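Subject: Structure handover

Hello,

Here is the structure I promised to pass on. Please open it next to this email and follow along.

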Number of protein chains: 2
Amino acid sequence: MAAKKEAKKAEENVVLVGKKPTMSYVLAAVTQFSEGNKEVQIKARGKAISRAVDVAEITRKRFVEDAKIKDITIDTEEITTEDGENINVSSITITLAK
Amino acid sequence: MAAKKEAKKAEENVVLVGKKPTMSYVLAAVTQFSEGNKEVQIKARGKAISRAVDVAEITRKRFVEDAKIKDITIDTEEITTEDGENINVSSITITLAK
């Protein structure tokens, strides 16, 4: 898990929301701000989109109260499943900024 | 169920996304546009947020190709559960416009 976390951290200012508990991602976002970043992008695909919205809301309402929602974009990405099937998945990017 | 559907339809231009199949809500959104509405708001709370993003993406990419994303807002709503407990739930409103 540690290695996976490192890989995800490679992209600066981005919190990629997956299946872990919501507060793990809130902590990641809060940490990015406390390290001096002025902007953090919270990204998710598919069913994790709801969790990404929770992460953004909890981060700005409970922890980084001077962070505002700068931008929200949604898109559709084509991904290839393990069976080699191409499926469309919705994605969201929420940009929080101080 | 029919009565519930009627109640939800009371608010014009709004598609409230819940637990039904995604395509039910896509149909509702497409119908609103075909009835002459220039704007449709797609709203959801909690886990249905992911489905609302799917609805917006499928509507604009496959059915109403001149519809653009005009605005996306997220918020936190306090709701009271059946047990009388107050909990916070994230919400999203996606505005599609021609």
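Below is what was found, going from one chain to the pairing and then to single residues.

Please keep in mind that this is a predicted model.

**The chain**

Start with chain A. It holds 3 helices and 4 strands. Along the sequence they run α-β-α-β-α-β-β. Chain A has 98 residues, and 38% of them are buried. Now take the contacts in chain A with a separation of 6 or more. Of these, 65% join residues 24 or more positions apart.

**How the two chains are related**

Chain B can be laid on chain A by a turn of 180 degrees, with a shift of 0.0 Å along the axis and an RMSD of 0.0 Å. That is the relation of a two-fold axis. Which C-alpha of chain B is nearest the axis? That of B:Ser50, 2.6 Å from it. Both copies use the same surface: 100% of the contact residues of chain B recur in chain A.

**The interface**

In the contact between the chains, 21 residues of chain B meet 21 residues of chain A. Together the two chains bury about 1,400 Å², with 58% of that on carbon and sulfur atoms. On the chain B side, B:Ser50, B:Ile72 and B:Ile74 lose the most area to chain A. Those three make up 38% of what that side buries.

There are also polar links. Between chain B and chain A, 11 residue pairs are in polar contact, counting pairs with both residues at pLDDT 80 or more. Which elements of chain B supply at least two residues each to the side that touches chain A? They are α3 (48–63), β3 (68–80) and β4 (86–97). The largest share comes from α3(B), with 9 residues. By class, that side of chain B has 9 nonpolar, 6 polar and 6 charged residues.

**Salt bridges**

Side chains of opposite charge can pair when their charged atoms come close. Over all chains, the whole structure has 10 salt bridges. Between chain B and chain A the count is 2.

One salt bridge joins the side chains of A:Asp75 and B:Lys61, at 3.1 Å from N to O. B:Lys61 also has a salt bridge with B:Glu57, at 3.8 Å. B:Glu57 and B:Lys61 both lie in helix α3 of chain B, 4 residues apart, about one turn of the helix. B:Glu57 has a salt bridge with B:Arg60 as well, at 2.8 Å. That pair is also in helix α3 of chain B, 3 residues apart.

B:Lys61 is partly exposed, at 39%.

A network of salt bridges links A:Glu57, A:Arg60, A:Lys61 and B:Asp75.

Another salt bridge sits within chain B. The side chains of B:Glu77 and B:Arg45 meet at 2.9 Å, N to O. This pair links distant parts of the chain: B:Glu77 is in strand β3, B:Arg45 is in strand β2, and they are 32 residues apart. B:Glu77 is partly exposed, with a relative accessible area of 31%. B:Arg45 is partly exposed as well, at 41%.

**Two residues to look at**

A:Ser90 is buried, with a relative accessible area of 5%. What does its side chain join in a polar contact of 2.5 Å? The side chain of B:Asp54. Leaving out residues up to four places away in sequence, A:Ser90 touches residues of chain A, including A:Ala44, A:Ile49 and A:Asp75. From chain B, A:Ser90 touches B:Val53, B:Asp54 and B:Glu57.

Then look at B:Lys43. It lies in strand β2 (residues 39–45) of chain B. B:Lys43 is partly exposed, at 26% relative accessible area.

Best wishes

Methods. Residues are numbered from 1 along each chain as its sequence is written. Chains are lettered from A and ligands numbered from 1 in the order in which they are written. This is a predicted model: local features need pLDDT of at least 70, side-chain atom pairs count only at pLDDT 80 or more; totals for chains, interfaces and linings use all residues. Side-chain values use heavy atoms; hydrogens and water are left out. Contact means heavy atoms within 4.5 Å. Buried area is the accessible area (1.4 Å probe) that two parts lose on being put together, summed over both. A salt bridge is a side-chain nitrogen of Lys or Arg within 4 Å of a carboxyl oxygen of Asp or Glu. A polar contact is a pair of N or O atoms within 3.5 Å; within protein, one must be able to donate a hydrogen and the other to accept it, and residues adjacent in sequence count only if both atoms are side-chain atoms. Ala, Val, Leu, Ile, Met, Phe, Trp, Tyr, Cys and Pro count as nonpolar, Asp, Glu, Lys and Arg as charged, and the others, Gly among them, as polar. Copies are superposed by least squares on the C-alpha atoms of residues with pLDDT of at least 70 in both. Buried means under 20% relative accessible area, exposed over 50%, partly exposed in between (1.4 Å probe, protein chains only).
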